[in-house]
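Biologist: Please take a close look at a single part of this model, the interface between domains. Keep it brisk, and give the cut-offs.

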Amino acid sequence: MKKLTTLFAATALATLMAGTAWSKTFVFCSEGSPEGFDPGLYTAGTTFDASAHTVYNRLLEFKKGTTETEPGLAESWTISDDGLEYTFKLRPGVKFQTTEFFTPTRELNADDVIFSLERQWKSDNPWHGYVTGGSWEYFAGMGLPELLESIEKVDDMTVKIKLKRKEAPFLANLAMPFASIMSKEYADKLQAEGKMNQLNQMPLGTGPFAFVGYQQDAVIRYKANPDYWGGKQKIDDLVFSITTDAAVRFQKLQAGECHLMPYPNAADVEAMKADPNLKVMEQAGLNVAYLAYNTTQAPFDKVEVRKALNKAINKQAIVDAVFQGQATPATNPIPPTMWSYNEHLEEDTYEPEVAKKMLEDAGVKDLSMKVWAMPVARPYMLNARRAAEMMQADFAKIGVKVEIVSYEWAEYLEKSKAKDRDGAVILGWTGDNGDPDNFLDTLLGCDAVGGNNRAQWCNKEFDDLVTKAKEASDVAERTKLYEQAQVVFKREAPWATIDHSLSIVPMRKNVEGFVQSPLGDFAFDGVDIVE
């Protein structure tokens with residue numbers, strides 16, 4: 001892989017704001033390193049920002065600032081009367097990026113779409129297992145292997161996807177990062193050269209920015225794609241300056257070393273708003289943070305134990321300490337801004353003495369457990385270590401001893417999926433497509449066990465409800481089913497729901513065109529720097 005040298009990184013970051021007449025560089029102080037650059041293999045927003053939202057496009061895209069879909073690489077589509085066949089007409093004249101490592105000889109066609117989806121679907125596809133230990137977590141967790149009947153090439157510019165059953169969120173799912181469209185021609189070249197891993201290291205797509213190079217855990221560099229079908233970007237170069245500490249990100253933003261940053265410390269927000277050189281965007285986040293028990297492991301396989309632990313957690317105190325008023329305690333696994341949110345469910349009350357007795361009644365004594373704390377800030381959890389320490393103190397009050405563990409972010413995500421994982425893991429979710437299915441089925445469905453379902457919880461009653469909701473076309477019917485599913489979730493308590501947070505994005509005053517996404521994306525197409 002071509003890597004940026006340390007000298008280049010230092011020089012670039014020192015001169016970013018010079019605003020030379022011949023080049024305009026935008027710097028994003030990102031919060032972490034991508035796990036890779038193939039968005040089909042991962043679920044983390046950090047990875048999607050560095051791959052799906054820069055390098056790639058999808059058949060459908062989300063309209064800026066909304067959860068509504070619009071044409072992307074497919075300029076139009078039709079759906080059969082029975083709702084089982086989707087026929088996509090591809091946008092003509094779409095070019096793949098030309099980079100130092102690949103020069104395409106043809107434009108986008110149906111072969112690229114089929115390749116991008118079938119590699120995730122068919123186990124006999126040579127690309128299905130091209131990354132050792134990798135998995136198509138979204139594709140599998142959303143039940144697509146069982147949903148798809150076929151993907152057919154009608155002609156060079158037409159693709160037909162047949163389903164085995166109706167799937168209400170199907171179009172919205174195709175606008176998600178995992179469904180990014182790749183170049184089959186590039187993949188064929190890598191396969192012929194025995195360099196298949198390069199697809200996950202040196203990405204190439206049809207998106208607004210072309211990948212230039214990556215220095216591990218330090219900086220990613222992109223250039224504007226001059227052949228982008230949506231028009232060349234106003235910024236010439238895009239740099240992700242990887243800065244894991246939120247306080248340091250703020251320092252860089254104040255110093256003009258970056259133009260925009262994610263996930264500020266709650267304590268810094270007022271200072272950001274008071275700085276005349278900065279502006280701050282904020283909106284209700286489509287998110288939830290949670291503590292997922294491994295429901296397959298004793299004693300967390302007992303609902304009484306999970307409910308007791310939930311009653312021991314002072315969620316309001318965690319929200320106050322970590323978010324300082326910029327979040328609310330969570331009751332349900334979906335945020336209150338999402339349709340089908342069940343307003344009739346009651347919050348877990350903080351009653352440590354009751355929790356202690358519940359553990360005793362369940363026959364649990366001298367319980368020791370691990371609580372996993374994320375090493376990075378996410379919109380739904382700005383400081384998992386602090387939250388874990390507060391849970392540790394809460395659990396100590398009911399006689400439960402807690403060991404806090406953590407790992408590097410990519411390792412944390414991978415290890416926490418294990419079905420035999422010990423203890424409970426702090427994680428969360430920002431919606432990918434505005435549909436309740438993206439929370440309830442993706443995070444808690446049986447298909448997602450061993451993947452996004454960190455509770456390893458497979459409940460037939462719950463699973464039947466969310467499956468029926470996916471197959472229903474009437475929103476009122478879907479709403480009723482999702483409300484019932486939330487009742488089952490609350491009764492069985494595979495998680496302790498922690499919070500729903502505001503999404504806050506500070507940036508330099510001279511940044512124009514950035515649109516805050518309800519899906520938590522950081523995408524820089526359409527962004528400009530105005531002096």
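**The domain interface**

Modeller: Between domain 1 and domain 2, ten residue pairs are in polar contact, with both residues at pLDDT 80 or more. A polar contact is a pair of N or O atoms within 3.5 Å; within protein, one must be able to donate a hydrogen and the other to accept it, and sequence neighbours count only if both atoms are side-chain atoms.

The model is predicted: local features need pLDDT of at least 70, side-chain atom pairs need 80 or more, and totals for chains, interfaces and linings use all residues. Numbering runs from 1 along each chain as its sequence is written, and side-chain values use heavy atoms, without hydrogens or water.

Domain 1 spans 25-261 + 509-529, and domain 2 spans 287-503. These bounds come from an automatic or database assignment. Their C-alpha centres lie 29 Å apart.

The buried area is about 2300 Å², 47% of it from carbon and sulfur atoms. That is accessible area (1.4 Å probe) lost on being put together, summed over both parts. E137, G141 and L519 supply 19% of what domain 1 buries against domain 2, more than any other three residues.

Five salt bridges cross the interface. The rule wants a Lys or Arg side-chain nitrogen within 4 Å of an Asp or Glu carboxyl oxygen. E31 and R378 form a salt bridge, at 2.5 Å, N to O.

Definitions and conventions. Buried area is the accessible area (1.4 Å probe) that two parts lose on being put together, summed over both.
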